[in-house]
Amino acid sequence: MRQTLLPFFLAITCMAASTAVVQGQPSGGPYGPVPQVYPLPDAKIVFYVAPDGDPSAQGSSIDAPTTIESALKRAVTGDAIVLRGGVYRTGGLRFNQGLLIQPYLNEHPVFMGTQVASDWTDLPNSRWSTRWDRLFPAAPADWWRAEYHVMDTPLHRFNYDMVFADEKRLVSAGSVNEVDAGTYHIDYVNGVVTIGLDPSKHAIEITVQDSAIVRTMRRVNAMDNDPKGPTIRGITFTRYARLALLVEGIEPWRPMDPAEYGKDVVGTTLEHLTLSHCSRVAGYFRGDRLTIRNCLVSDCGTEGLYVINSAHVLLERNLVTRTNSHAPIVGYYASAVKIFNQSHHVVCRDNLIIDNPHASGIWYDVGNNHGQILSNWIETTNDGFFFEISEGAVCAGNVFVNCTPGVRILNSADVGVYQNTFFNSPLEVIRTLRSSEAGDHFGWHASSGPSVADRDRHVINNNLFLVQKSIPAGVIQYREESGVEKVAKAAQVQSLDGNVYVLRDAETPFLTNGGAGYPPPPVHTTVSDFGGLQAMEEGYEANGADYSAYTGLVVRSPELKRFELLSGFAGSKGGVDLPPSIDEMLGWNPSQTRFPGAWAPVDQ
C-alpha cells in the first residue's frame, strides 16, 4: 500500500526543523504515524496473533500464534495482544476490556474490510457483474434536506459499500447503464455488483465488513464491561464500509450533566494508527480521557475523527486529509474533525488538517465548552475552526492557509481568537435567532448552548491577517439575523485589538457587516479603511495596525508557506497583553515582547 503523502509531510517537518523552536505555533511534525519498534509489553498475559494463526492455539508464543478473533474472546483487562505483520481481512470484532493491542516489534499489521472479487460474468457494452452477499445499503439521515441537495448528491451515494480497482476507489452510479471504467452499480434487490473494468486485467475488491473493531459497553465474550478503555497503536485500518473503529457510550439526548455520560469507556488511547478509506467516518469515539495522537486519517466519508459527548480529550499531531473528497456528499455538514454534543475540555493541539475542500476542519458542534484549539496548521479547508452553539473556547497559535473561512463562530459565546496567522483566510462571527423554542430543525440541540441574548463576549486579539487575493466579503465578517438586535444588546465581539492587517488586494475590505440567513441577505456595511474599523466600537484596534501599503517582506516566504514573521517588518512588534492563561497554554513568557500572529519575529 503506497504512502503518497509522505514527501509533503517530510517537507513540513524539515521546514520546522530549520527554524528556531518556539512554542505556540505548529511544531512542523512529525504528523501522523511514526515508524518505530514496539517493545514487547509488560502485561499479565500476552496473546500473539497472526493473519494465518491457529484459532485453537493459546497464542502464548510468537512461534504458535492464534487469531485476532480468538484472542479477543479470551483477553481481559491488563492483557495485551501483539500482532504479526500482514493483512487481516476481518471485521466486526467486539470486546469490552481494557486491552493493549499493538504490532510485534517493527512489523506492520493491516486490517482490511474488503475481499477479492473473482467470479465475474461478462455483460454487453464492456460491463461485468458478480453476485455479492455482503452489502451495506444506507439512506441519508432524516435531517438531510433532499429538497436542496438531491440534485448534487443522488441517494445511491449514501450507501456504505465500496468497490476498489487496483487500490483505487470507484464511484457509485445510479444504474447499470451509467457504469463506465470509473464507476460501479449495485442492485441491492438481487445482490449484484456491476463494473466497467475487465476484472481479468484488474484487481477488484469489494467491502464485506462495516467495522473493524467495536469497543462495546455491553456484555460480550461472556464478560461484563470493564470501563477501562483500550490502547491501540501502530496498526492500519482500511477499506471498511461505514467505519473502522467504534467506542460505545451513552449519548445525551437532551442537555445533561457531564456526570451522566462519558463513563462507560474511560481512557481510550489511539496512537500511530492509519485510518483510511472508510465510507462514512474513520471512527466514532466516546468516553472521558480519550487521547488520539499521531494518527493519519485520510479518504474517509463525511467525517474523519468524530468525538462525541466526551470530556478531557486530547487530539494531537494527527494528520487528517481528503475528508468527503470522494464523490462529495453535499448538505451533510462534513468535517475532518468533529467534536459533538456536550463534549467538554477537548484540546486539539498541533494537528495538520489539510486538503479538505468539501469539509470543515475542526468543528465543535452543539453544547461544547472549554475547548482549546492550539497550534494547528489548517489548510485548504472550509471553516478551518468552527465553533457552533457552544460556549468557551480558545483558538490560539494556529495557522490558517486558504480556508473559507479560517475561523467561523456561530451562535456561540466567549471565544478567544489570539495569535493566529490568517493567510487568505477570513474570520466570521455570526448569530441568529436559532433556538429550540423557535422550532429548530435539530430539535433540542440549540438549547445545549448559549441563548440568543448571550451569544457575545468574543475576543479577537494579536492576529496577523495577510491577504494576497480578493476576499470580497472582507477579512472580518460580522453577520446577524434580523430580529436578534431586539434580544441581544451587547456587540458580538467585545475586543478587536492588536491585530495587524496586510491586505495586498485593494478590493478586499477590512470588515463587512450584514444579515444572516439563507439565501444570505445583502451586506449593509462595508468598512474599507482602517480608520473606519477603529471607529466601529470604542477600543477597536487601539493597538492594531494597517500595513496594507507596505511593499516589503512580512513573512519569510508565502509562496513556500513559510509564515515566520520577519523582524525587519515594522509591524512585527506590538499588540496587547494576553491573559495569563493564554500565555500558559502557548508556553510563552508573559514578559516577552508582543507580536501579531503565531510566530515570534525571526531575522531574515
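1. Let me start with Glu316 and Arg349, which form a salt bridge with the closest N and O atoms 3.0 Å apart. Glu316 lies in strand β26 (residues 311-316) and Arg349 in strand β29, so the pair ties together parts that are 33 residues apart in sequence. Glu316 is buried, at a relative accessible area of 14%, while Arg349 counts as partly exposed at 34%. A salt bridge is a side-chain nitrogen of Lys or Arg within 4 Å of a carboxyl oxygen of Asp or Glu. Buried means under 20% relative accessible area, exposed over 50%, and partly exposed in between (1.4 Å probe, protein chains only). Helices (H or I, at least four residues) and strands (E, at least two) are DSSP runs, numbered from the N terminus.

2. A word on the basis: this is a predicted model, in which local features need pLDDT of at least 70 and side-chain atom pairs count only at pLDDT 80 or more, while totals for chains, interfaces and linings use all residues. Residues are numbered from 1 along each chain as its sequence is written, and side-chain values use heavy atoms, with hydrogens and water left out.

3. How many salt bridges does a search of the whole structure find? There are 27. Another one joins Glu248 to Arg94, with the closest N and O atoms at 3.5 Å. This pair links distant parts of the chain, 154 residues apart: Glu248 sits in the loop between β19 (245-247) and β20 (269-271), and Arg94 in strand β4 (residues 93-95). Glu248 is buried at 10%; Arg94 is partly exposed at 34%.

4. Please look at Arg594 and Asp583 too, whose side chains meet in a salt bridge of 2.9 Å, N to O. Arg594 is in the segment after α5 (580-586) and Asp583 in helix α5, eleven residues apart. Both residues are buried. Elsewhere, salt bridges with shared partners join Glu271, Arg293, Glu316 and Arg349 into one network.

5. His345, in strand β29 (residues 344-349), has a positive phi near 55° without being a glycine, and is partly exposed at 33% relative accessibility. Asn411 also has a positive phi, about 55°, and is not a glycine. Asn411 lies in the loop between β35 and β36 (413-418) and is buried at 1%.

6. Finally, the cis peptide bonds. One joins Gly29 and Pro30, with omega about 5°; Pro30 lies in the loop between α1 (6-17) and β1 (46-49). Another runs from Thr404 to Pro405, with omega near -5°, and Pro405 is in the loop between β34 (399-401) and β35 (407-410).
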